[in-house]
Amino acid sequence: MTCFDRDTDSARLWAHFAKGRNVLMLAPRRIGKTVLLNRLRDESEAKGYRAIVLDVQGFREEKAFFQQMCAVIQEEIGFGASVLATFTERLRQTLKGSDAAGGDWRQLLLHTDWREFARHLLSHLNNDKEGKPWLVLLDEIPIFALALLETHGMQRVHDFLYTLRQFRQAYPNVRWLFTGSIGMDTVARRNSLEGALNDFEPYPLKPFDADTATRFLNHIAIANGRHMDPAAAQHIIARLGWLSPYYLEKIAEEASQQAASGQIIEAADADNAVEAMLGLDKRTYWSTWREHLDRNFPDPEQTHLFSLLATIARSPQGYASHDTLLGELNRGESVGVGQLRAYLDTLEADGYLVACDHADNCHRFRMGLLRDWWLRYVVA
Ligand SMILES: Nc1ncnc2c1ncn2[C@@H]1O[C@H](COP(=O)(O)OP(=O)(O)OP(=O)(O)O)[C@@H](O)[C@H]1O
Ligand SMILES: [Mg+2]
């Protein structure tokens, strides 16, 4: 996947790394985190770093995490294999006499405590012979943390995150970029793990601005043998409201199918394409939004969050005041203003809602189309 634009994000992130900072990039699903990580990896050599992208979703153990890290170094970095060979040799020396001392790094990992193994690995990378800093671009850490939580409980997540924090302090030549769709923040907030992440520089990856979105829509149209009329792009942008590259791409592809090959995509084609996004066959484009609440929030919080979103989705004007929302929550049980505030903070941070511009104390969906989808498939 080639990365369209994101030039400013890339420059800002490199500037953070140059200052020795580690970065926490929390941003909602499908906004382009993975695409950006791959871009950073591709740029890393020119910037004087050795970078790896680690996708740790699907793992449930700390050792699987470091196994993946070593495998990526070995397979993807020019002389990663020799880096690991020296590391293995050193670790063997240290463990001399113990059962763990034989075999390759996989066996060493199997027989050592993961902290011990990781400490040696990171210390080795920290002292890179050519003095190049390493950059570990860690994708989907929240999914790993949640898996660890489910399998082994909170203490293990706590240990893992705080141990990595110690390594960040001890080995500053290894820089880290943690990305998370939302879940991480949720886990951290709920279980007071914030301290494990408080050395990170937060970087909120934003959606495209209107100008970039217009160019991107036309870029996708051209890739599909069409052109997009600027008025059509404006229709799409207005309807979407929040310009995630994922949804822009889907709509532009759909609109390209609406217009004949070689033709210009007109506003009417754009409107049809937007409508098609709400069709039954495309409901999976949106289902991650519902799943996130189902998966990550226990009751009664979960019921309350669904109730707030339903109230806002149903409101004819597309927004609801905090008084209305509080009234709705208090039909069942007693919920205070502070609790409502906390819920709205969560729904804002996780990408569902924004505060209205036109009045104080009211919220609306951030993406107009998500509101329409919510109304059709969740509330109905
Ligand atoms: N800069 C970009 N240029 C071109 N396409 C992009 C860009 N960013 C995102 N996309 C499109 O959006 C899709 C989703 O992007 P990506 O997988 O990077 O999102 P994500 O934030 O990692 O999502 P998730 O949280 O679900 O993992 C990509 O597969 C691609 O089609
Ligand atoms: Mg991703």
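**Entry 1: a pair within H18.** I started in helix H18 (residues 337-349), where Arg 341 and Asp 345 sit 4 residues apart, so about one helical turn separates them. I was working from a predicted model, and I kept that in mind throughout. The two side chains form a salt bridge, with 3.3 Å between the closest N and O atoms. I then looked up accessibility: Arg 341 comes out at 36% and Asp 345 at 39%. Both values fall between the 20% and 50% cut-offs, so I noted each residue as partly exposed.

**Entry 2: a network elsewhere.** Next I followed salt bridges that share partners, and found Arg 239, Glu 275, Asp 372 and Arg 376 joined into one network.

**Entry 3: Glu 275 and Arg 239.** I looked up this salt bridge and got 3.3 Å for the closest N and O atoms. Glu 275 belongs to helix H14 (residues 267-276) and Arg 239 to helix H12 (residues 230-240), so their contact ties together parts 36 residues apart in sequence.

**Entry 4: Glu 275 and Arg 376.** Glu 275 forms a salt bridge with Arg 376 too, and here I read 3.9 Å between the closest N and O atoms. Arg 376 lies in helix H19 (residues 368-379) and Glu 275 in helix H14, so this pair links parts 101 residues apart in sequence. Arg 376 is partly exposed, with 43% relative accessibility.

**Entry 5: the tally.** How many salt bridges does the structure hold? I wrote down 27.

Note on methods
Residues numbered from 1 in each chain as written. Chains lettered and ligands numbered in written order. Predicted model: local features only at pLDDT ≥ 70, side-chain atom pairs only at ≥ 80, totals over all residues. Heavy atoms only, no water. Salt bridge = Lys/Arg side-chain N within 4 Å of Asp/Glu carboxyl O. Helix = DSSP H or I, 4+ residues; strand = E, 2+ residues; numbered from the N terminus. Buried < 20%, exposed > 50% of the residue type's maximum accessible area, 1.4 Å probe, protein only.
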